[in-house]
Amino acid sequence: MFKCKTVWNKLAPLVRASSTLCLQNAKKSVLRHGRKLEMVQKAQMSSGPAGGGGENTLYYVLVGATCLGGGVYAYRTVSGDKERYNERMIQIASRPKHGPLAAEAVAEVVTQSKEESVAEEPTLTQPSVEEPPVTEAVVESTETEPVVEETVTEPIVEASIPEPTVETLETEPVVEASVTEPVAEVASETEPTPVIMAEHVPEASSVSESAAVSEATPAAEPVEPTAAHPDVPEHTPYLLIGGGTASFAAARSIRARDPGARVLIITEESDLPYMRPPLSKELWFSDDPKATETLRFKQWNGKERSIYFQPPSFYVSPTDLPKVENGGVAVLTGRKVVHMDVRGNKVKLSDGAEISYEKCLIATGGVPRNLQVIDRAGEEVTKRTTLFRKIEDFRSLEKISREVKSITIIGGGFLGSELACALGRRTTDLGLEVIQMFPEKGNMGKVLPEYLSNWTTEKVRREGVNVITDALVKNVSYKNDKLEIKLKDGRLIKTDHIVAAVGLEPNVELAKSAGLEVDSDFGGYRVNAELQARSNIWVVRDAACFYDIKLGRRRVEHHDHAVVSGRLAGENMTGVSKPYWHQSMFWSDLGPDVGYEAIGIVDSSLPTVGVFAKATAKDTPKAATEQSGTGIRSESETEAVAGTLKAETKATPPPIQQKEDYGKGVIFYLRDQVVVGIVLWNVFNRMPIARKIIKDGDQHADLNEVAKLFNIHED
């Protein structure tokens, strides 16, 4: 009965109240048929407010509330962390030991952090009745205290974000009911750092239209991203790393093919591009006492010129390079490229500046090699040792030669022998003792045949130099104000200063960052026939290990190679794609009376054939420069000479061998009966002929006949 009464109470609205019969019939029907009751209950569960459907709705409400609460908690936690981070960064920036640049960097980080928070906050809108008071408080602080204005108004985005989110924007670091407390705290912390205000105000003015922010905007105008490197252009089409002969030759070649090109040269030295050969030759024989400062010298023919390729007026200022109408060549001195990003086409300098490029040339050359015994000897020895390479080395050694009593040159190659002859001229005037020592049996013993090397050694001795052969240095020490050099055979040499001239090490410091290949046998960057290391990167001079189509893979360290390789790379950078087939030459002068030019592989370990003749007055370096008009003999070369000269028809005297006086002659270096190298001894302006002989690669039954091509028997 209880169950029936319950059912009746629920079905009563469906029955007419005035019909008793209907009520009775309904009761009977419900009591007799249980299925009807079940159907009615199902209908109530699906449509009634108190059934199972209501329980589902409650479940959804609870789950949604839980998720919302979790989101609010997570947001408050993250916002609190950001606030603490920003406050900490502002505290660091306010410390006096940090400079303006550090404050600017910190301000930028804080600003970016706040902007990110502002961009995310519209997803959480929490209307608050305290919104108007907060806005009024900010305006008041803006008028009375500029620093507070900077700190508070920076994140305000009233013009672009709906009003219900203003409170969230103001209190973005900390979502709390009280907003004024954190604002006042930040304001007091940023008060000593006006630089942060200058950084923040432009960002606030970009999104806010308040008058106070607009007034503060001009203070931020001097702060620019490139203020730390105003003299460094951000981009250059042609970037040349290195300021030597090869770079200048490449720049001149680029400008010849592309008159509007903008070329930037970066050099670690403080000087504009210059030629190195006079540093060990003509400059030492100048009569001008100011030659050390002016770096102007007289060539062997008496003509005066500067060591620099061009005066400063020839170059464009690096800051003006992007703006000049017809392009130009700019030189950035005193900077070193420390990192190279070949994928991003940009380099990083030692001062932190970055420069992007379209095409790049690596002409870093090499660094002088030192003896390990000197490196390990200590500071007293190293500071009395010169590694001769740059202008500053020349000036330093020239000054030292006037102050000390003894100088020892270690090395018997080109540089060591040239410096020995140059300093030997001062033994009489200054009372200077000049000593030269090397492990070979004679000067340039690795290049010249033994008989010619011995003759050269005697020539150097006649210049006043004490030459010590077969000298292997065991250790070097500093005792009693003297450097003591002990040789492996027990000999001991005391001197005041050492000049180490023991070779050159190719500069490949950029290989790691640039991912460029270095040759394991010869050193230097491996390049293809077009001198390319990558599609838009070329390498030249001492730093390039190239493939010679006649002589195989090589690396050359001479002036002519720098000129020719730089010129070719410059042309290829403009789209020519020419292979490097030129056989570069080199020369060395032992004063104005004896000199030689060489080409190809000149190695004393190879079989040689020498053809000599009696020298005349015109067979000297001095006479050669008078005829060519230039002291840099490679500049006067021309390929046309090789095709027009013919062999002389005079009877050829027998070749001179093992004679004490070698006036002039030609020395052929052979490999598999083929001439691979030629030395012209006191024979000048005949290099195109030698180049053609090597290029042809023919076997010659009688080299005396080949020597006739050089006209060495002319009077």
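**Charge pairs and patches in a predicted model**

Q: Which residues are linked with Arg335 in a network of salt bridges?
A: A salt bridge here is a side-chain nitrogen of Lys or Arg within 4 Å of a carboxyl oxygen of Asp or Glu. This is a predicted model, where local features need pLDDT of at least 70 and side-chain atom pairs count only at pLDDT 80 or more, while totals for chains, interfaces and linings use all residues. Residues are numbered from 1 along each chain as its sequence is written, and side-chain values use heavy atoms, with hydrogens and water left out. The network links Arg335 with Asp231 and Asp351.

Q: How many salt bridges does a search of the whole structure find?
A: Side chains of opposite charge can pair when their charged atoms come close. Lysine 692 and aspartate 696, for example, meet in a salt bridge at 3.2 Å, N to O. The search of the whole structure finds 29.

Q: How far apart in sequence are the parts that glutamate 398 and arginine 426 tie together?
A: These two form a salt bridge whose closest N and O atoms are 3.2 Å apart. Glutamate 398 lies in helix α16 and arginine 426 in helix α18, so the pair ties together parts separated in sequence; helices are DSSP runs (H or I, at least four residues), numbered from the N terminus, and strands are runs of E, at least two. The separation is 28 residues.

Q: Is glutamate 463 buried or exposed?
A: Buried means under 20% relative accessible area, exposed over 50%, and partly exposed in between (1.4 Å probe, protein chains only). Glutamate 463 pairs with arginine 425 in a salt bridge, with the closest N and O atoms 2.7 Å apart. Arginine 425 is partly exposed because its relative accessible area is 36%. At 14% relative accessibility, glutamate 463 counts as buried.

Q: Why is helix α17 largely enclosed by the rest of the structure?
A: Helix α17 spans residues 414-424. Among its buried residues are Gly416, Leu419 and Cys421, and Cys421 has a relative accessibility of 2%.

Q: How many disulfides does the structure hold?
A: A disulfide is a covalent bond between the sulfur atoms of two cysteines. The cut-off used here is a pair of cysteine sulfur atoms within 2.5 Å. The number of disulfides is zero.

Q: Which strand holds lysine 486?
A: At 35% relative accessibility, lysine 486 counts as partly exposed. This lysine spans no helix run in the description but a strand of residues 482-487. That strand is β15.
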